[in-house]
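Visitor: Could you take me through this model, beginning with the ligand and then turning to the contact between the chains?

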Amino acid sequence: MTLLYTEVEEELRTAVRDLLADKAPAAAEGDNAAAWNGLARDIGVAGLLVPEASGGAGASAREVAVVLEELGRAVTPVPFLTSSVLATRVLLDAGYADIARLASGEATAALCVSLAASPYRDVTTAAVDADIVGKRPASVSLENERVSGRFTGVAGALGADLFVVPGEDGLVAVVEAERARVEPVVSLDVTRPLATVTFDGAPAVVLDGGSVPEALLFTAGLLASEQVGVAEWCLTTTVAYLKERRQFARPVGSFQALKHRLADLWLEVAGARAAARNAADQLASGSDARVAVAVAAAHCGEVAVRVAEEALQLHGGIGMTWEHPVHLYLKRAKADAIAFGTPGDHRTALAPLVGLPAPE
Amino acid sequence: MVDATTVRQRAEAFLAGHDPASMSPLDWLRARFDAGLAWVHFPEGLGGLDAPRDLQGLVEQLFRGTPDNNPSRIGIGLGMAAPTILAYGTDEQKKRFLRPLWTGEEVWCQLFSEPGAGSDLASLATRAVRDGDDWVVDGQKVWTSSAHLARWGILVARHDPDLPKHRGLTYFVCDMEDPGVEVRPLRQITGEAEFNEVFLTGVRLGDDLRLGEVGDGWRVAQTTLMNERVAIGSAGSPRRTMMGLFTEDWQAHPELRTHDLHRRALDLWVQGEVMRLTGQRLREQLLAGHPGPEGSGMKLLFARHHQEVSALEVEFLREDGLTYDDWTFRRADGVDFLGRGAGYRYLRAKGNSIEGGTSEILRNIVAERVLGLPAEPRTDVAVPWKDLPR
Ligand SMILES: Cc1cc2nc3c(=O)[nH]c(=O)nc-3n(C[C@H](O)[C@H](O)[C@H](O)COP(=O)(O)OP(=O)(O)OC[C@H]3O[C@@H](n4cnc5c(N)ncnc54)[C@H](O)[C@@H]3O)c2cc1C
């Protein structure tokens, strides 16, 4: 195992970074098709987790993590996390026959689970349990290979070609998008908007063997790498700005009150990178990654938010504008800290694993 | 390049020929040094094999259970004096000092800080005046850990007060047996005295005890301080940690657990694990030949983590937290974090953010050297030392 980046991983990073630099202007205008086509078709990121025999690249969580770092650095609105990681992971486990469609990036899929779902709660019972406050689908039934139900808080749903609906006992249903009603939700994170997805007796292919909680845990562990990317952009951009911006006849970055804050942030980001690499490595090795994932998710989630908040503060008035990109990072960081379990959820999950059982 | 196989063969051959049971520990350690198995990354003839640094772990593993040189007692020698001697010493100095330093026969101390010069080390006032082939040293050092045990000290002194402060410094090895050296214990908040004040009065040091050129003291001292940080940053993960001790307490006392403490304990557990992984990543970078800047940050992490875990432990223990194991004023052999009680840990950990560069100074270093932020305007750099305001 290594916590560093391999040469292959660095090459992949460079390819993704160059491509995003090229396509970012279009993506900023709301047209993410060019970025996604380039990532999926030219670089092949959509199929990283898919075995070569099924039309993918047969890579591992480590490479996925590097792509996520870059997508975090650019807050690119592409469905990589939601389709190529989360939905793909469920469909691979369930043995979906047509996975090559996703691997090529020609189609994308969304898992009908709220972005706020925790890997430590059973989302399938949550779906039928009317007591899960506010955020529950009105009803779900998965009968006769037809799906009905309403799913809120679904990321990656806008523009998806397929929906993956979790049922009980490891059943998952695959529904084509034209049989779903997708209503956009005005979302905090403008670069990863949510939607409500409704099915009314939609015909489905029902598969057996997908584990939604495991896929959520896998995705939570990799989200940490996206959070590292977000934090890194915020730190680098802020350091550069403070070297340039002058007040009181000197660069504001020469004031010790700010230097110490940035030194602390740098340390937190260094720790986040180590934790995120460790989670990716453990997920790639297939060993029990629960501790590594929980540590990375708990730490990186908080670090990304803190660095983004500090970045805004240290930019002064310009940081409050819609025009400056720092708000995109703050919104992504805050949303990411709720996605797939909050830092608190992940710390709580650690308790029995590390010998710190909760009080009676 | 010496590889793992060679190192393993050497170590196994050495063990076959040197049964620790039939030799005195010191003879065994000397023989180990002479076999190049002390610190394998050091040069041949100086206790090493010119091997990559990471192979040391293999040696330690193979030598588990053999006599050890009590590394915590000779930490300053191993972590600071040795790399500085290796970088700047003459061949004679390397031959003379490194072997007894490593075997623990000769303890080293660090004579840097003074009453008037702590964070601003370059402002120090101890004078070294050339007298024929010798130097005569006068001044006072303070907070000198292990001076009472030390045979030698690494010493920075001012040879020329007319030069600006960084330029008038020269680096020496101080003979602690010189009659002009007086060591007085300073009692610490833990009750004992790990550190001392050291009075230097007409101490005569031969020019062969100078390390580096006259006037090069600041540069040589930077090597010492950098190695101190690397040593702290790249130390392997200890088998037992403060968090591990806390966890044992937690398991032993279900009746003391509260939800508030639980939340904070989990927070610190994550913090400790992130610190461990950061250190592991740093070591990997060092081994790959890209020493990362994380080294300067590791000490900041250690200091904060130790302080927060020990503080939580004292609070968790409630009535036991109100007791202390021993206030006796004695001269300590070193730091005993894991052997002593929670109160000692809490108090001793306070020093972690002061010794070896305060956390404020380390943040300055990270901000300026790692992030490249501009230095604050200074008025003390170009002026002759003797004209600086005090
Ligand atoms: C347990 C222990 C063991 C030690 N062992 C040794 C030893 O063996 N040998 C040795 O030579 N020394 C030793 N020291 C001394 C240690 O290196 C100094 O205490 C340390 O460098 C700080 O110097 P000072 O005590 O003079 O504090 P000062 O430098 O006076 O600092 C006072 C406060 O001001 C802050 N400060 C100072 N300058 C700045 C700045 N530029 N920006 C922001 N804040 C600043 C400091 O962080 C600190 O909080 C030891 C200290 C301790 C606590």
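Guide: The ligand is surrounded by residues from chains A and B, so its site is shared between chains; a residue counts as near if one of its heavy atoms lies within 4 Å. This is a predicted model, in which local features need pLDDT of at least 70 and side-chain atom pairs count only at pLDDT 80 or more, while totals for chains, interfaces and linings use all residues. Residues are numbered from 1 along each chain as its sequence is written, chains are lettered from A and ligands numbered from 1 in the order in which they are written, and side-chain values use heavy atoms, with hydrogens and water left out.

Visitor: How many residues surround the ligand, and which are the closest?

Guide: By class, the shell has five nonpolar, ten polar and three charged residues, where Ala, Val, Leu, Ile, Met, Phe, Trp, Tyr, Cys and Pro count as nonpolar, Asp, Glu, Lys and Arg as charged, and the others, Gly among them, as polar. The shell comprises 18 residues, and the closest are S113(B), S119(B), W143(B), T358(B) and E360(B).

Visitor: Which side chain of chain A has an N or O atom 2.8 Å from a nitrogen atom of the ligand?

Guide: On chain B, a ligand nitrogen lies 2.8 Å from a polar backbone atom of Q110(B), and a ligand nitrogen is also 2.8 Å from an N or O atom in the side chain of S145(B). On chain A, the side chain with an N or O atom 2.8 Å from a ligand nitrogen is that of Q256(A).

Visitor: What is the area buried between chain A and chain B?

Guide: The size of an interface is often given as the accessible area lost when the parts come together; here the loss is taken with a 1.4 Å probe and summed over both parts. In this model 44 residues of chain A are in contact with 43 residues of chain B, contact meaning heavy atoms within 4.5 Å. Carbon and sulfur atoms give 70% of the buried area, which is about 3700 Å².

Visitor: Which residue of chain A forms a salt bridge with D267(B)?

Guide: A salt bridge is a side-chain nitrogen of Lys or Arg within 4 Å of a carboxyl oxygen of Asp or Glu, and the count between chain A and chain B is four. In the one formed by D267(B), the closest N and O atoms are 3.2 Å apart, and the partner is R347(A).

Key: Buried area = accessible area lost by both parts, 1.4 Å probe. Polar contact = N/O pair within 3.5 Å; in protein donor to acceptor, adjacent residues only side chain to side chain.
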